[in-house]
Amino acid sequence: MTEAAARRRGRRTRTESADTRDRILAVAREEFSARGYEKTSVRGIAKAAGVDSALVHHYFGTKDQIFEAAVEDSVAPVLHAPHTLAEGPLEDVGERLTRFMFGVWENPATRTPLLAIVRSAVNNEAAASVFRRLVVSQVLGRVAGRLGRPDAELRAELAAAQLVGCAMLRYVIQVEPLASADVERIIARVAPVVQGHLTGP
């Protein structure tokens, strides 16, 4: 059936369906950002997107599932982190990974949605569980897999703890002087620590 015929019969075309899904996801991300996980509802997302609640459930399922989709969309740049390990020797992977992660946070286009999602995860256990599951499966597991060490999982988590901790203090809590320090100075100090976690003895 052509898109024109589908439209005449009152059915959504594939293009319309994709547009509707994208609009719902964009609104969900804004709602979670503005209200946090607890105060955001499927009904509120549907109302803001101009659709019925049943359509939100149709595309995404439960509130946890739409939050997970919003998280995945927001942290998409971070999911490329494992690829930085394959772009050169392990001897300088600490700097590459540190520079990559701070690059994501320094860019307003990626920082704003990521910041909102992290705040939701910090303030709500259900949101934290979704965030943790995604980060562990999509980022840490893949980083560990590239290290080829018997304690690779622990190494990847320690490196992540170093980077996430710095990001929390600089961008979320905004502790001075870290919050306003030159990013190159921070990278120079943090990268060797990350390197040690990943490849040190």
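**Packing, surface and salt bridges**

Author: Isoleucine 24 of this predicted model touches Ile45, Ala49, Val51, Leu55, Val56, Tyr59, Phe60 and Ile66, leaving out residues up to four places away in sequence.

Reader: Which residues of the largest nonpolar core touch the most other members?

Author: In soluble globular proteins, nonpolar side chains tend to be buried together. Here the largest nonpolar core has 53 residues. The members that touch the most others are Ile24, Phe32, Ile66, Phe67, Phe102 and Leu198.

Reader: Is threonine 98 buried or exposed?

Author: Threonine 98 belongs to helix H7, residues 93-106. Apart from neighbours within four places in sequence, threonine 98 is in contact with Leu163, Ile187, Val190, Ala191 and Val194. Because its relative accessible area is 0%, under the 20% limit, threonine 98 is classed as buried.

Reader: Which backbone oxygen lies 2.7 Å from a polar atom of the threonine 98 side chain?

Author: The side chain of threonine 98 has a polar atom at that distance from a backbone oxygen. The residue that supplies this oxygen is glycine 94.

Reader: How is valine 136 classed by its relative accessibility?

Author: Valine 136 is found in helix H9, which covers residues 125-147. Its relative accessibility is 40%. Since this value falls between 20% and 50%, valine 136 counts as partly exposed.

Reader: What is the C-alpha to C-alpha distance between valine 136 and glutamate 153?

Author: In sequence, valine 136 and glutamate 153 are 17 residues apart. In space, their C-alpha atoms are separated by 9.8 Å.

Reader: What is the area of the nonpolar surface patch that includes Leu169?

Author: Leucine 169 is found in helix H10 and, at 37% relative accessibility, counts as partly exposed. A patch residue must have over 30% relative accessible area, so leucine 169 passes that cut-off. Together with Ile173 and Val175, Leu169 makes a nonpolar surface patch of about 240 Å².

Reader: What is the N to O distance in the salt bridge between arginine 96 and aspartate 92?

Author: Side chains of opposite charge can pair when their charged atoms come close. Arginine 96 counts as buried at 17% relative accessibility, whereas aspartate 92 is partly exposed at 34%. Their side chains meet in a salt bridge with an N to O distance of 2.3 Å.

Reader: Why are glutamate 95 and arginine 99 separated by about one helical turn?

Author: Glutamate 95 forms a salt bridge with arginine 99, with the closest N and O atoms 3.3 Å apart. Glutamate 95 is partly exposed at 40% relative accessible area, and arginine 99 is partly exposed at 33%. The separation is about one helical turn because the two residues are 4 residues apart in helix H7.

Reader: Which residues are linked with Glu95 in a network of salt bridges?

Author: The count for the model comes to 6 salt bridges. In the network that contains Glu95, the linked residues are Arg99 and Glu184.

Reader: With which arginine does aspartate 151 form a salt bridge?

Author: Aspartate 151 is partly exposed, at 33% relative accessible area. The closest N and O atoms of the pair are 2.9 Å apart, and the partner is arginine 155.

Terms used
Residues are numbered from 1 along each chain as its sequence is written. This is a predicted model: local features need pLDDT of at least 70, side-chain atom pairs count only at pLDDT 80 or more; totals for chains, interfaces and linings use all residues. Side-chain values use heavy atoms; hydrogens and water are left out. Buried means under 20% relative accessible area, exposed over 50%, partly exposed in between (1.4 Å probe, protein chains only). A polar contact is a pair of N or O atoms within 3.5 Å; within protein, one must be able to donate a hydrogen and the other to accept it, and residues adjacent in sequence count only if both atoms are side-chain atoms. Contact means heavy atoms within 4.5 Å. A nonpolar core is a set of buried Ala, Val, Leu, Ile, Met, Phe, Trp, Tyr and Cys residues joined through side-chain atoms within 4.5 Å. Patches are made of residues with over 30% relative accessible area and no salt bridge: like charges are joined within 9 Å, nonpolar side chains (Val, Leu, Ile, Met, Phe, Trp, Tyr) within 5 Å. Accessible areas come from the Shrake-Rupley method with a 1.4 Å probe; for residues, only the protein chains shown count as cover. A salt bridge is a side-chain nitrogen of Lys or Arg within 4 Å of a carboxyl oxygen of Asp or Glu.
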